[in-house]
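Here are some notes to read alongside the model. Take them one at a time, and keep the 3D view open as you go.

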Amino acid sequence: MHQSPYVPTGDWRGQPLEATQPQPPAPLLPWLEYSGSLTAALKHLSDGDFHVKVLNQGWQLPRAEECHVLKLHEHSRALVREVLLYGRGQPWVYARSVLPLRSLQGKSRNLRSLNDQPLGELLFSEPGIRRSDIQFNRLQRNPRLQPEVLCGEHENAWGRRSTFWLRDKPLLVAETFLSAFQPEGPPTATVINN
Ligand SMILES: C=C(O[C@@H]1C=C(C(=O)O)C=C[C@H]1O)C(=O)O
């Protein structure tokens with residue numbers, strides 16, 4: 001059974017992030033609050049040396065809290081996608097996306113077979129895409145994981161999540177910034193080439 005590398009430590013909280021204690025590292029603040037495509041920003045930061053590693057993708061029961069946010073019945077199945085986003089050969093972001101079956105119909109069926117194409121490339125190419133306010137959390141390394149997995153990673157990491165609305169259907173996307181991600185400046189987007 002796949003084990004998520006990071007799990008939330010508390011409730012997801014909205015802005016202002018500046019009001020939370022403890023504060024995230026200052027360089028991470030603009031990245032946590034960034035409303036554009038993280039894929040585009042990471043591609044820019046890495047000068048294109050960017051790739052997605054799919055850790056796990058399959059139909060499963062989301063966590064109860066995820067069902068609540070997505071307004072899913074507790075026994076609803078969704079396509080759960082967990083990836084690492086690599087920049088310059090380093091794991092910069094762990095992302096967990098929960099894609100309800102009802103959100104993957106019709107023109108959105110292509111989201112079922114993303115493989116190593118970044119989810120953001122599809123979402124941000126959709127003219128009608130909408131994004132909810134961003135929420136924040138501290139995530140901890142999954143205590144059930146073997147120590148050698150994600151070795152060298154901090155015990156705790158900062159994450160964000162939001163709901164994307166594609167054709168009026170919800171997709172929940174959470175991103176956790178890993179210890180190898182040490183940005184020197186704020187996110188700057190690159191136009192995504194499809
Ligand atoms: C939503 C985006 O897509 C990114 C790519 C993901 C994937 O390929 O699974 C997941 C989360 C994001 O970091 C984005 O680029 O902002």
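1. A word to start with: a residue is called buried if 20 or more other C-beta atoms lie within 10 Å of its own, and exposed if 12 or fewer do. With that in hand, look at helix α2, which is mostly covered: 7 of its 8 residues are buried. Please keep in mind that this is a predicted model.

2. Which residues of α2 are buried? They are Leu38, Thr39, Ala40, Ala41, Leu42, Lys43 and Leu45. These buried residues pack against β2, β3, β4, α4 and β8.

3. Now step back to the whole chain. You can count 4 helices and 8 strands, and along the sequence they follow the pattern β-α-α-β-α-β-β-α-β-β-β-β. The C-alpha atoms fill a box of roughly 40 × 40 × 35 Å along the principal axes. A compact globule of 194 residues would have a radius of gyration near 16 Å, and the chain agrees because its own value is 16 Å.

4. How much of the chain is buried? Buried residues make up 30% of the 194 residues. Among the contacts with a separation of 6 or more, 71% join residues 24 or more positions apart.

5. Next, find the largest nonpolar core, which has 37 residues; Leu42, Leu85, Val93, Ala95, Val173, Phe177 and Leu178 touch the most other members. The elements giving two or more residues to this core are α2 (38-45), β2 (50-60), β3, β4 (90-100), α4 (119-123), β7 and β8. Of these, β4 gives the most, with 6 residues.

6. Setting aside residues up to four places away in sequence, Phe177 touches Leu28, Trp31, Val93, Ala157, Trp158 and Gly159.

7. Then turn to the ligand. Of the 16 residues around the ligand, Leu38, Thr39, Ala95, Leu119 and Gly120 come nearest. The elements that give two or more residues to this shell are α2, β3, β4, α4 and β8. By class, the shell has 10 nonpolar, 4 polar and 2 charged residues.

8. The UniProt record, an unreviewed entry, places the feature "binding site" at Arg81, Leu119 and Glu175. These positions are spread over 95 residues of sequence, yet they cluster in space, with a largest C-alpha distance of 12.0 Å.

9. Is Arg81 buried or exposed? Arg81 counts as buried because it has 23 C-beta neighbours inside 10 Å. You will find Arg81 in strand β3 (residues 78-87). Not counting residues up to four places away in sequence, Arg81 touches Gln57, Ser97, Leu99 and Leu114.

10. Glu175 lies in strand β8 (residues 169-177). With 23 other C-beta atoms within 10 Å, Glu175 is buried. Leaving aside neighbours within four places in sequence, Glu175 is in contact with Leu38, Val93, Ala95, Gly159 and Arg160.

11. For contrast, visit Pro143, in the loop between β6 (135-141) and β7 (156-166). Why is Pro143 exposed? It has 8 other C-beta atoms within 10 Å, and a residue with 12 or fewer counts as exposed. Pro143 and Tyr6 are 137 residues apart in sequence, but 8.8 Å apart in space, C-alpha to C-alpha.

Note on methods
Residues are numbered from 1 along each chain as its sequence is written. This is a predicted model: local features need pLDDT of at least 70, side-chain atom pairs count only at pLDDT 80 or more; totals for chains, interfaces and linings use all residues. UniProt positions are given in the numbering used here, feature names are shortened, and annotations may be inferred rather than shown by experiment. Two residues are in contact if their C-beta atoms, placed from the backbone, lie within 7 Å. A nonpolar core is a set of buried Ala, Val, Leu, Ile, Met, Phe, Trp, Tyr and Cys residues joined through C-beta atoms within 7 Å. A residue is near a molecule or strand if its C-beta atom, placed from the backbone, lies within 6 Å of it. Ala, Val, Leu, Ile, Met, Phe, Trp, Tyr, Cys and Pro count as nonpolar, Asp, Glu, Lys and Arg as charged, and the others, Gly among them, as polar. The radius of gyration is taken over C-alpha atoms; the globule rule is 2.2 Å times the number of residues to the power 0.38.
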